[in-house]
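Hi,

Here is the structure I promised to pass on. Please have it open while you read my notes below.

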There are 2 protein chains.
Amino acid sequence: MTESGRSIFFSSKPSISACASIAGPKEGKGRFGDLFDIVLEEDLLGQISWEMGESEMLRRTAELCCKKIGLSISDAEAFLSGDLNNQIIASTFAARALEVPFFGLYGACSTFVESLLLGAMLVDGGYRKNALCAASSHFCTAERQFRYPLELGTQRPPSAQWTATAAGAVLVSHSSAKSIARITAGTIGKVVDRHIKDANHMGAAMAPAVCDTICAHFKGTNTTHKDYDLIATGDLGWIGKNILMELLKEHDLQIPDEKLIDCGASMYYAEQDTHAGGSGAGCIAAVTCAKLLREIEDSRLKRILIVGSGALLSWTSSQQGESIPGIAYAAVLEGEPNE
Amino acid sequence: MTESGRSIFFSSKPSISACASIAGPKEGKGRFGDLFDIVLEEDLLGQISWEMGESEMLRRTAELCCKKIGLSISDAEAFLSGDLNNQIIASTFAARALEVPFFGLYGACSTFVESLLLGAMLVDGGYRKNALCAASSHFCTAERQFRYPLELGTQRPPSAQWTATAAGAVLVSHSSAKSIARITAGTIGKVVDRHIKDANHMGAAMAPAVCDTICAHFKGTNTTHKDYDLIATGDLGWIGKNILMELLKEHDLQIPDEKLIDCGASMYYAEQDTHAGGSGAGCIAAVTCAKLLREIEDSRLKRILIVGSGALLSWTSSQQGESIPGIAYAAVLEGEPNE
């Protein structure tokens, strides 16, 4: 390992030149409802299944992202995306419709930040002029995939999180004169497993990986929480966020509560009955695009750290009695210095 | 799109400094049986399930790759891998055991070449000193995942391919003095769908994507088949390979039959009753590591093009009546000029 360990640096500071977010009806009634570019009225999007609905949501988000700065989707030089479905079909079918050179990724709910890091390398390294980095999730596809068919009406325990129906996409570009934010550094995830086996307790499964990545990031980039206006974690939910705060204290990292938000824990109002908060690959993707990047563009935030977290289980591994490994990727987003 | 379209160039010519392959008992009795580093005697590898067996095979392959040049797995700076299982659990559980910074990928049977391209960017771009690029597949996990439980004894149609139980891993490095081969260029895949719906006819589903990528690669890199000693496609099987030859002719590309091999079509002897040949993410991975890289190292081959192909279906998309989109990634591997 190099001195920087798992951290990487983007010397050209690739620009996020556009971003877009689409969210479902329930998410539209949540805390960030006014901020999403589009709030869906129904979650099938005119398709025959939730899976194809999710794929259509992702496709529309990617197109909207390009359209916002006057580009056509054919101007995108790469599409890096993943989702929670078996064999990431929401992304592959979106890529079929978009016809953009495609890299399929899987990092569970951390996929958006995994995508951002690889997209930034593609652009910073000069391999592509731009890269469309995206992720999606859908409540109905995720329940079918990881838990039980919705039709069963299974009761969800209080520790369960609500998979957000949402997608987010950013266009990472190096030639753009105007940028919303710049990606300057990041830290690659490492799989951490603390032997949680409950698929309805994802926050607990992922919190150790988030703690591990934050520690590795601070060390690798020689920064502390004081160097960031905000640290936004993926979708730990409020139980997972509390566990993270405890774990950080054990590592002598006292991050002030107001400086650390969790996208999942913040997405819904308490009365929306999502139990431990939101989750899903679309959660941090949509919140970053709808809220965090906007606040950087408006100079309300200067420099933030986003940490996407993923629970690396499958229905098969859970049935075989395996525990749930977690992973987390971190990316540094900065505003333009002169604005 | 830039002039080079979907092609990318690695100016530092990252080196493949080590490679390793492990294959199952049936593959060990096939054409390349003598070439794999390890041929397994049984396909569970002492684990409780085929999925965990596949993960263990991948883990051992990755470790062996590093060990071959005297490195420990902790010297690897990134692990890029994927497989055919839901939520790529063979790779994620291998990554848990290996404890190397991890990027989870999904490109179905094209994953190995997707991994090679991204790994080469990580190294060529200076983000990592090295990257371990890998993929695996397992007959028993794939049948359960995409078709029927083996216990059903379902008869396989003649167009069906046999998912290889195999894994391959290479260490891409930029600092290595000695290299087996160098990665000099590549072409990113694009999803192509010609509306094949038969999950037992994967070669037909993937051949159009392979044709599309070969055409894009020749155009993007300004080369023809004459610039390569060999073109090795992923796992079209012999039916898919025949379709590819027809499609190439339609594009006025007459590649001599002896210059184009398909890893899947070549892996087994006819009497092994695999019907249309081999397939699986581990197929091109293991054949590249066991055979092709060895022939480059021995100067029997100077410059080859490997084209990994993937069928982007899931059980869910098939049940919903969707067709099977295909994708293919290409990478140029060259020997050392002075050897």
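Helix α7 of chain B covers residues 237-250. Its 14 residues reach 20 Å from first C-alpha to last, close to the 20 Å expected at 1.5 Å a residue. (Helices are DSSP runs of H or I, at least four residues; strands are runs of E, at least two; both are numbered from the N terminus. The expected span is 1.5 Å times one less than the number of residues.)

(The arc is that of the directions from the helix axis to the C-beta atoms.) After α7(B) comes D252(B), with a positive phi near 60 degrees.

This is a predicted model: local features need pLDDT of at least 70, side-chain atom pairs need 80 or more, and totals for chains, interfaces and linings use all residues. Side-chain values use heavy atoms, without hydrogens and water; residues count from 1 along each chain as written, and chains are lettered from A and ligands numbered from 1 in written order.

Now helix α4 of chain B, residues 111-124. It reaches 19 Å, close to the expected 20 Å. How many of the residues of α4(B) are buried? The count is 14 of 14. G126(B) follows α4(B), and its phi is positive, near 85 degrees.

In chain A, W315(A) lies in helix α10, residues 315-319. W315(A) counts as partly exposed because its relative accessibility is 35%.

Best wishes

Definitions and conventions:
Buried < 20%, exposed > 50% of the residue type's maximum accessible area, 1.4 Å probe, protein only.
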